[in-house]
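Hi everyone, thanks for coming. Please get the sequence and the structure up on your screens, and we'll walk through them together.

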Amino acid sequence: MTIVEIFVGIFEGFRVTATVTALGVLFAVPFALIFGVAQYLSKGVLRLAVTAIIEFWRSSAVIILLFVFYYVLPVIGIQLEAITVSAVVLGLNTGGYGSQAVRAGLQALDRGQLEAALALGLSRRHALTLIELPQALTRMAPTFINQFIQLIKGTALVSLVTLTDMTFRAKEIAELEYNPVGVYTALLLAYFVVCYPVTVFGRWVEQRIGAGRGLTSEF
Amino acid sequence: MSFDLAFAASTIPTILSVVGTTIGVALLSCAGASILGFSLEMARRAGSIAGYAMRFAIDFIRSTPALAWLYFLYFVLPHWNVTLPALVVGILGLSIYFSGYLAEVFKAGIDAIPKGQAEAAKALGLHRSDVVFFILAPQMLRNVAAPVGNHFVSILKATPYLAVIAVPEMLGRAFDIASDTYRYAEPLTVVGIVFLLLALAIAHVVKVLERKFLGPTGR
Amino acid sequence: MNDSGHSMRRQAQGPATQIGQGQSASRHDDPAVDATALNKWFGGFHALKDIDLAVAQGSRIVICGPSGSGKSTLIRCVNGLETFQSGAIRIGGVGLTRDQKQLRKIRREVGMVFQQFNLFPHLTVMSNCTLALRRVLGKSKAEAAGIALHYLERVRIPEQAHKYPGQLSGGQQQRVAIARALCMNPKIMLFDEPTSSLDPEMVKEVLDVMIDLAEGGMTMLCVTHEMGFARQAADQMVFMDQGRIVETAPPDSFFAAPSQERTRLFLDKMLH
């Protein structure tokens with residue numbers, strides 16, 4: 001096989017990569033928003049509980065979480081398709097990181113914004129949704145894009161639970177043809193081709209929102 | 001089949017017997033990634049062409065999953081007649097993957113040093129090497145300590161990837177037990193809990209060290 | 001105040017006659033700093049235009065002017081922190097080049113105090129002062145500590161020697177910065193807006209130290225907005241605008257009757 005053919009063969013797995021990514025986002029975004037806001041607003045025992053849940057999903061090793069859910073769920077009677085399990089695990093792990101970005105974005109806001117909103121008579125809920133979140137989320141946009149890239153890369157793990165993503169396809173092809181240099185270079189290139197444009201987009205967004213605050217720029 | 005707690009407990013010693021490998025791999029990979037990342041950043045600052053090449057190299061690494069790097073090295077190196085033990089390949093792979101992130105950390109750490117520091121040092125007549133050694137390096141190290149600590153936790157959570165290239169670490173052990181006993185749920189859950197606890201503990205230690213290390217300068 | 005026996009403009013003889021044999025000997029009647037036909041560009045921006053300035057030894061020059069006039073750029077050229085494209089600068093008769101070794105030698109003779117203090121935050125006050133003494137002048141730890149303590153006493157904060165800069169107030173930090181520069185026993189002290197970053201109540205303590213220094217005979221080149229200090233301590237005022245030296249005069253005539261319209265406008269703004 002020529003390297004082009006190998007590359008195309010690997011890219012046949014892109015549908016699965018993209019599907020898992022998209023489903024993962026479906027879990028990540030609500031989790032990040034709900035738990036990020038919850039951590040920002042809550043106090044005491046409730047906050048501890050929220051933090052515990054976030055930390056569970058964020059601090060666990062994704063690969064292990066994936067295997068645990070894949071093998072343990074059936075044992076306790078929950079039958080889910082591999083793709084669902086993958087999306088949930090990857091999505092909530094990403095959501096865990098995302099919630100920290102949401103919280104940090106909210107906390108970084110000038111306190112005066114909230115005070116002005118409340119002084120105008122806005123309810124706490126409206127202050128949050130109309131004033132605080134829009135600003136926090138815009139400011140954290142580069143971080144979210146970065147986490148999205150992490151998610152895409154994370155989908156490589158689903159190849160280990162029988163899903164036919166790009167990594168799985170690469171291993172398949174490697175078994176048919178002895179050409180490790182070609183196959184695995186093509187694999188690296190395949191992910192590069194998918195992720196790099198997002199990186200470039202992220203840089204553009206970063207520039208648009210006038211970043212350069214704080215110690216690290218995302219890109 | 002249901003979850004057997006007693007069996008789960010019995011797997012603990014076997015799995016923990018290789019926790020040293022896990023931590024060792026993480027430490028060595030962190031060191032490798034730091035050295036490589038620092039070199040990449042220095043090369044990027046060196047000149048315009050080298051700068052662009054390094055910028056591209058960093059972007060390339062950050063656009064590809066760790067798993068792909070592990071597969072690449074594991075299958076390609078023997079093809080090029082470079083025989084290394086799987087453990088070394090694993091450390092190399094993680095070092096390369098995380099060097100992309102640490103290069104950014106070093107960049108930010110150096111950029112955060114106020115320009116006036118080098119100027120004041122030069123104004124005193126200090127030799128360039130003294131400026132770097134006594135004034136710039138200590139401040140850079142202070143700036144990167146926390147981010148490197150955080151990435152260390154990420155590296156730790158990536159060590160299970162080495163199971164796919166047959167390195168005797170905790171996930172690999174769990175699968176060994178599973179393939180012998182046909183029970184996957186228990187050993188995998190044990191590994192999951194061990195990793196979660198390890199990640200949380202080390203993250204906590206990093207935070208404590210951060211406070212101690214950066215505290216006394218009054219910053 | 002001092003007489004104006006030392007002229008401000010470059011003398012007709014020119015610098016060549018002052019040197020005599022070779023570049024290495026600097027004679028005691030050489031100007032401490034002598035800039036001739038100095039021009040500097042930042043890319044396309046002409047920051048310094050045909051600057052001629054001779055600073056006699058023992059004199060105190062205050063440079064003032066609106067922001068962007070090039071005053072900081074000028075004194076940063078004196079110790080090589082900025083390079084210049086044409087013209088020349090001589091420090092004690094020795095011409096400034098881009099040679100790093102020569103620059104380091106010159107920097108031992110020229111002390112600089114920055115607007116942002118630029119103390120080394122990871123070193124104690126004592127270490128800030130002794131670092132260059134030990135690494136550049138090769139002094140022993142004990143000797144360096146002795147010198148440092150002497151100058152810390154001179155700026156009136158010897159008791160802070162073992163603190164870190166972050167634990168000191170702005171005024172204290174700037175005084176440490178002055179002591180640090182003095183430890184090298186420089187022949188000239190450059191001040192780049194030393195009090196501009198300070199809270200008003202701390203400005204006086206730094207200016208007092210600077211006046212003390214002036215009265216001790218140190219050659220000083222100061223960029224500052226503190227006109228009260230200038231009136232008290234300066235021999236000559238230099239007004240710069242848009243990269244040029246517009247006017248120079250002793251403080252009395254400078255403040256009472258500036259000869260240039262631009263100077264007048266600037267002083268009106270500053271003093272009201």
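First, some housekeeping. This is a predicted model, where local features need pLDDT of at least 70, side-chain atom pairs count only at pLDDT 80 or more, and totals for chains, interfaces and linings use all residues. Residues are numbered from 1 along each chain as its sequence is written, while chains are lettered from A and ligands numbered from 1 in the order in which they are written.

So, which chains share the most contacts? Of the 2 pairs of chains in contact, that is chains A and B. By contact I mean two residues whose C-beta atoms, placed from the backbone, lie within 7 Å. Chain A and chain C have no contact joining them, and their closest C-alpha atoms lie 17 Å apart.

Let's look at chain B. Helices here are DSSP runs of H or I with at least four residues, strands are runs of E with at least two, and both are numbered from the N terminus. The C-alpha trace of chain B spans about 75 × 45 × 25 Å along its principal axes. Of the 219 residues in chain B, 44% are buried. Buried means that 20 or more other C-beta atoms lie within 10 Å of the residue's own, with C-beta atoms placed from the backbone; 12 or fewer counts as exposed, and in between is partly exposed. Now take the contacts in chain B between residues at least 6 apart in sequence: 76% of them join residues at least 24 apart.

Where does chain B touch chain A? There, 34 residues of chain B are in contact with 31 residues of chain A. Helix H3 (48–62), helix H4 (66–79), helix H5 (86–111) and helix H9 (185–214) of chain B each supply at least two residues to that side of chain B. The largest share, 10 residues, comes from H9(B). By type, that side of chain B divides into 25 nonpolar, 6 polar and 3 charged residues. For those classes, Ala, Val, Leu, Ile, Met, Phe, Trp, Tyr, Cys and Pro count as nonpolar, Asp, Glu, Lys and Arg as charged, and the others, Gly among them, as polar.

Chain B also meets chain C: 20 residues of chain C are in contact with 19 residues of chain B. On the chain C side, the elements giving two or more residues are helix H3 (100–109) and helix H4 (125–135) of chain C. This side of chain C divides into 10 nonpolar, 6 polar and 4 charged residues.

Stay with H4(C) for a moment. It is largely enclosed by the rest of the structure, because 8 of its 11 residues are buried. Among them are C:Val125, C:Cys129 and C:Leu133. And what do the buried residues of H4(C) pack against? They pack against helix H7 (128–158) of chain B, together with helix H5 (141–154) and helix H6 (170–183) of chain C.

Now for the sheets of chain C. In one, 6 strands form an open sheet in the order S6-S7-S8-S3-S9-S10, with mixed pairing. Strands pair if DSSP finds at least two bridges between them. S6(C) and strand S10 (244–249) of chain C each have a single partner strand, so one side of each is left without a neighbour in the sheet. From one strand to the next, the twist averages 20 degrees.

Find strand S3 (residues 60–64) of chain C in that sheet. S3(C) pairs in the parallel sense with strand S8 (residues 219–223) of chain C over 4 bridges, and C:Ile61 stands opposite C:Leu221 in S8(C). S3(C) also pairs in the parallel sense with S9(C) over 4 bridges, where C:Cys64 stands opposite C:Phe239. Both faces of S3(C) are covered: C:Arg60, C:Val62 and C:Cys64 on one side, and C:Ile61 and C:Ile63 on the other, are all buried.

Finally, 4 strands of chain C form another open sheet, ordered S2-S1-S4-S5, with antiparallel pairing. Strand S1 (residues 33–42) of chain C and S2(C) pair over 7 bridges, and C:Ala35 stands opposite C:Leu53 in S2(C).

Notes
Axes fitted to C-alpha atoms, helices over the stretch in contact; angles between N-to-C directions.
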